[in-house]
Amino acid sequence: LNVTEENFVLDTLAGCIEYKSLLDVVVNAFFVRDGKYCLIAERNLYIVICYLAAFQLEELGLQHFSRIVKSLDTAKMQKFLRFFFNTLYLNTWIKDEWSQFYDSVYVKENWIDPLLRWQPRVQQLIEQLTDKLSNRTTTIKTSTVTQPEEFNLTVPKPRAIPIPLPIPVLEKRQPVPPSTYKPPKEKKQLEEIKRENRRKAEVSALYSCSTIQPVPYPLSGPYIKSMSLQFRDKNVVWESVKCFAQVQIDNIPIKLNAAAILREGALYQRKMEQELKRIENLLRGAGDPSEFLEWQKQMRGKDMEEQLAEIECRRLQGKLSHEEAVLAHQNVIQENKKKADLIREEKAEMMHQYAEKRLQEQKEMRELVEQVVEGHKNAKQAKIKLQKYKQQIVQEVCEENRELLRQALEEEEEKLRKRYELIQQIRAIESLPSLRHKFVDLTETGGHGLICEMSIVELRERLALLREAQKAAEEEKRDQIIHEKQAKEQLLLDKLDQISLFRAELGRAAALKQEEKKRKSQSGERPMKDDRILNLQKKIVEKTMERKKQAGLL
């Protein structure tokens, strides 16, 4: 490149880097809207054209800008310029996005207004590109005063019609199997097993609480009903059934490993120590904390009721806020309808202004045709100069390649000569005779002068002694492990006996506690609802009625 062209390229590169954030806004939007099928590898091409159109159009002039555009792909440039010089886009989102990086007044005066002034003339260039794509030639009206001769211009070859992309056909998907919406068979089987076990437990409980003789399984419902009539109070029957079921569940045998046995034994041991300590304190005169625990339990119950009331209040408040939000959403819909009507009126007015600008652009189209004709005159001379320059570069490159090839051959010959000399030296060394037999005496030492030095025979004797000592230590360790294992097994058996005793006692205590809890639950009264909850429920009903009324109006 000459100095002028090199300066132009460097200035363009610096400008693209400086205004990268502004150019990315336009190019990214182009790829999203009109350039969906454009290659991402052509992104830099659109960035350069956008920079020249937005910031260098005043300095270049429309003629030079047109030459640059027409030297590129016609379809791509026509699509991009039509997108960038859209009046609606320049006045709306492009202006708003650029105002996020620079002051809005500066953006409008220095960038948007010049683009709007150039827009009619650039529109003529876009129409020329469109005519070129549709294989139409622009006609020049001859003047009555002068009669210009027709230029001998090359007729452009017609562009091939692009093959339409095939519409992908989706494969037919398999329907959802009906087993997806059906419950599994295992669940039904478990339910049947559960009902059968419950029936057996009820009959066993009835037999344990009365003098009824057992009968073989399975039992039917009428038989159990006839058995329950032998008792005057039916509640006694079902309470006994529940008690028996609870005892059966608590006494299910579970296989325990050594860790579980020791852990449970330690737990019961701690409980027994705590109970002995409590009894010892009572004997010394300490007070019984049962009254305090009962009072503490009552206070916790009251706190729990207050927390439940507070949770219910929050739930009702959330429901009330939801009703208010629905009302606000309905009001927003009405406001949006009004704004949509105003936007339609503004759109109609802008379409009228666009029609007027279109007429003005057609008048300025003739000036652009004259500029294009002048550009074709200098194209052939520039092409001849470029061809001569390329031929000169090719000759220089060929001469340099020959010189480099000659130097590489000389270096390779020098390496081969040195390698051959080294191989000759190695072969001469290998041809010398060498002593290969050496006699070894196993009873002699190495003669290195060390204190711990010994012969191979002595080393073997010491290794034999070490192996015998190691075997004796292993036998002793094995006997010790057997004794420890036997002691551990005895300890686990003792712990199992202790655990079985504690479980039996805890099961009886739990049954008594459950009966006492049921008596208290039957005698208790249901608390009244809070006043705050009642007030919130009334407000929710009022808001719901108001929302339904508003929905009917909409």
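**Group meeting: a bent helix and its neighbours**

Hi everyone, let's start with helix H7, residues 104-133: this helix has 30 residues, yet its end C-alpha atoms are only 38 Å apart, whereas a straight helix at 1.5 Å a residue would reach 44 Å. Before I go on, please keep in mind that this is a predicted model.

So where does H7 bend? The bend sits at Gln119 and amounts to about 50°, and within four residues comes a proline, Pro120.

Now, who packs against H7? Take helix H4, residues 57-70: the axes of H4 and H7 come within 11 Å and cross at roughly 15°. Angles under 35 degrees count as roughly parallel, and H4 and H7 are therefore roughly parallel to each other. The crossing of H4 past H7 is right-handed. If you'd like to colour the contact on your screen, H4 brings Leu57, Glu58, Leu62, Phe65, Ser66, Val69 and Lys70. From H7, the partners are Pro114, Arg117, Trp118, Arg121, Val122, Leu125, Gln128 and Leu129.

Let's move over to helix H2, residues 20-32. What does H2 pack against at an angle of about 145°? That is helix H6, residues 87-99, and the two axes are 9 Å apart. H2 and H6 cross in a right-handed sense. Here Leu22, Val25, Val26 and Ala29 of H2 meet Trp93, Glu97 and Trp98 of H6.

H2 also has helix H5, residues 74-84, with the axes coming within 11 Å and crossing at roughly 115°. This crossing, between H2 and H5, is right-handed too. On the H2 side the contact uses Val26, Ala29 and Phe30, and on the H5 side Lys79, Phe80, Phe83 and Phe84.

Last, a word on confidence. The chain averages a pLDDT of 80, and 85% of the residues score at least 70. Over residues 137-142, though, pLDDT is below 50, and that stretch has three contacts beyond near neighbours in sequence. Residues 209-251 also stay under 50, and there the model has 34 contacts beyond four places in sequence.

Thanks, and I'm happy to chat!

How values were computed. Residues numbered from 1 in each chain as written. Predicted model: local features only at pLDDT ≥ 70, side-chain atom pairs only at ≥ 80, totals over all residues. Heavy atoms only, no water. pLDDT = per-residue confidence, 0-100. Contact = heavy atoms within 4.5 Å. Helix = DSSP H or I, 4+ residues; strand = E, 2+ residues; numbered from the N terminus. Expected span 1.5 Å × (residues − 1). Bend = angle between axes of the 7 residues up to and from the residue. Axes fitted to C-alpha atoms, helices over the stretch in contact; angles between N-to-C directions. Parallel < 35°, antiparallel > 145°, perpendicular 65-115°, else oblique. Left-handed = near helix turned anticlockwise from the far one by under 90°.
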